[in-house]
Amino acid sequence: MILRMTVEENGGYMSSSNRSSARLKALGALSLLAGAACGMAWALGTGPHGAMPLDEQQKLLDKVIGTSAINPPRGVDGLAWASIYIPADNAPNQERIALGRKLYFDVRLSKDGTVACATCHDISRGFTDRRSVSEGIRDQLGQRSAPTVMNAAMFQSMFWDGRAATLEDQAKLPVLNPVEMGHPDAASAMASINADPAYQGMFQKAYGRAPNYDDVGRAIASFERTLIFLDAPFDRYLSGDSRAISPAAQRGLELFNGKARCMSCHMINSSNPLGTDNLFHNIGVSARKQNFEQLAQKGLAAVQANGDEQALDKLAIETNLSELGRFLVSRQRQDIGAFKTEQLRNVGLTAPYMHDGTLRTLWDVMDHYNKGGETNAFLDGGIEPLNLTESEIDDVVAFLFTLTDKRFAEQNEAAFKEQQALAAKQRPFRDDALAHRETLPFEQRVMGAAGLK
Ligand code: HEC
Ligand code: HEC
């Protein structure tokens with residue numbers, strides 16, 4: 001009961017008006033648990049939009065990040081590390097990182113002063129917001145779920161559809177997006193930033209010039225490149241400690257690389273530590289509710305009218321064309337409904353899952369894959385029914401929970417228990433007939449009975 005309320009509250013599944021009273025109740029319930037495994041870092045946020053208050057987040061960050069020097073973590077090979085892209089004009093140094101950190105936690109970046117990057121990418125919630133879709137200024141909801149910014153530096157492109165090439169480009173978009181931080185233009189954001197006199201000197205020290213919008217993006221990117229969380233039990237296992245993960249998780253890893261076919265998109269090892277191919281696939285998440293053909297026509301018209309970076313950002317965050325995914329960026333047919341293969345690092349902390357946040361637990365994720373996703377004409381060929389048993393599903397889930405950095409081990413444990421309790425009650429995406437091929441997915445669901453003849 002208590003655990004369920006925690007998930008609902010943190011996950012943003014209730015309307016804004018219900019939220020504060022539910023939060024009070026949940027807080028009351030949680031206080032009974034004082035001293036229990038949840039710990040401070042997994043406590044409920046009491047700041048605006050349900051985030052942990054920003055000063056507490058900063059303290060937590062100090063605890064987990066230690067020095068902010070950029071060094072390869074254990075087990076990550078030099079090649080993978082060297083592949084982190086850093087623009088030539090933005091080599092990291094302490095001044096740039098410190099400026100970026102201040103900006104990351106600063107509500108001045110939002111028009112109404114209630115939202116910082118850290119509101120939606122909350123240190124205490126796996127650097128995301130635990131909502132299905134994000135809530136920005138004036139409680140406006142976007143169309144997509146916030147991914148974690150942990151390790152985002154190692155992605156080859158940013159956002160679920162890869163529409164931003166670098167962290168520098170990415171950071172400038174939410175500030176100007178009407179439903180996220182809502183500054184009408186860069187000048188408005190700079191006026192708000194400049195009202196804090198501390199920034200003058202900090203920008204000078206970092207970039208040798210007066211505050212300007214491009215350097216806001218650069219500084220935040222420098223800070224984000226320090227958010228590397230790749231020291232997990234899985235890494236100890238890889239480097240030879242056979243007891244670092246449970247026997248169930250070891251079986252799960254074998255399934256991940258074999259029968260469950262996860263590795264065809266999520267290969268994970270020391271030279272590819274995030275567990276993503278950095279490509280875009282339609283795995284049938286949004287197909288549940290879309291007529292893709294019609295939507296693609298509309299999407300094409302919209303991007304032909306205006307396909308610049310900010311216009312794309314608005315289509316992705318504010319309109320139902322969002323579900324077209326990579327197609328809006330590439331305009332390629334095969335990218336309809338395709339999204340970036342998400343990293344699997346720290347995945348225990350970042351529920352709910354997928355670009356639309358529709359899957360609440362890793363058991364839901366497994367149910368989705370086990371039945372071959374939602375069939376649609378653009379489904380990736382790598383997605384098909386997996387015929388996994390219940391205990392095999394448990395094993396893969398156990399493995400996925402070994403990918404969380406040890407600095408968040410306590411939260412990971414609490415999240416595992418929350419998800420387990422939730423999954424014991426409901427498995428809304430489970431379909432045994434499809435998973436075990438008693439029903440043929442494509443023929444029957446797409447072609448109807450005629451397809452079987
Ligand atoms: C209102 C909530 C919200 C705010 C505020 C916000 N973000 Fe995000 N962030 C999101 C969502 C939602 C996405 C995914 C959008 C998409 O893919 O279309 C995202 C994506 C990202 C990504 C891409 C990660 C990946 O895996 O591709 C990064 C990096 C990021 N945000 C950093 C920031 C920074 C830096 C700020 C502050 C300047 C910020 N965000 C402000 C919600 C938010
Ligand atoms: C054909 C490529 C492909 C295969 C195979 C695949 N995935 Fe994925 N995975 C993706 C893509 C693409 C996404 C994002 C999809 C979206 O949001 O629409 C994703 C998302 C996820 C997420 C959500 C992460 C988050 O933070 O939201 C998890 C967890 C995951 N995959 C685990 C697995 C597991 C476990 C398997 C094997 C059973 C698997 N995947 C097989 C491509 C794949």
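**Reading the ligand shells**

Tutor: Around ligand 2, the shell is made up of 15 nonpolar, 7 polar and 3 charged residues. Here Ala, Val, Leu, Ile, Met, Phe, Trp, Tyr, Cys and Pro count as nonpolar, Asp, Glu, Lys and Arg as charged, and the others, Gly among them, as polar. This is a predicted model, where local features need pLDDT of at least 70, side-chain atom pairs count only at pLDDT 80 or more, and totals for chains, interfaces and linings use all residues. Residues are numbered from 1 along each chain as its sequence is written, while chains are lettered from A and ligands numbered from 1 in the order in which they are written.

Student: Which residues come nearest to ligand 2?

Tutor: A residue is near a molecule if its C-beta atom, placed from the backbone, lies within 6 Å of it. Of 25 such residues around ligand 2, the nearest are C262, C265, Y353, H355 and G382.

Student: And which come nearest to ligand 1?

Tutor: Those are C117, C120, G136, F159 and W160, out of 28 residues around ligand 1. Helix α7 gives the largest share of that shell, 5 residues; helices are DSSP runs (H or I, at least four residues), numbered from the N terminus.

Student: Now W81: is this residue buried, exposed or partly exposed?

Tutor: Buried means 20 or more other C-beta atoms within 10 Å of a residue's own, exposed means 12 or fewer, and partly exposed is in between, with C-beta atoms placed from the backbone. W81 has 18, so W81 is partly exposed. You will find W81 in helix α4 (residues 78–82).

Terms used
Helices (H or I, at least four residues) and strands (E, at least two) are DSSP runs, numbered from the N terminus.
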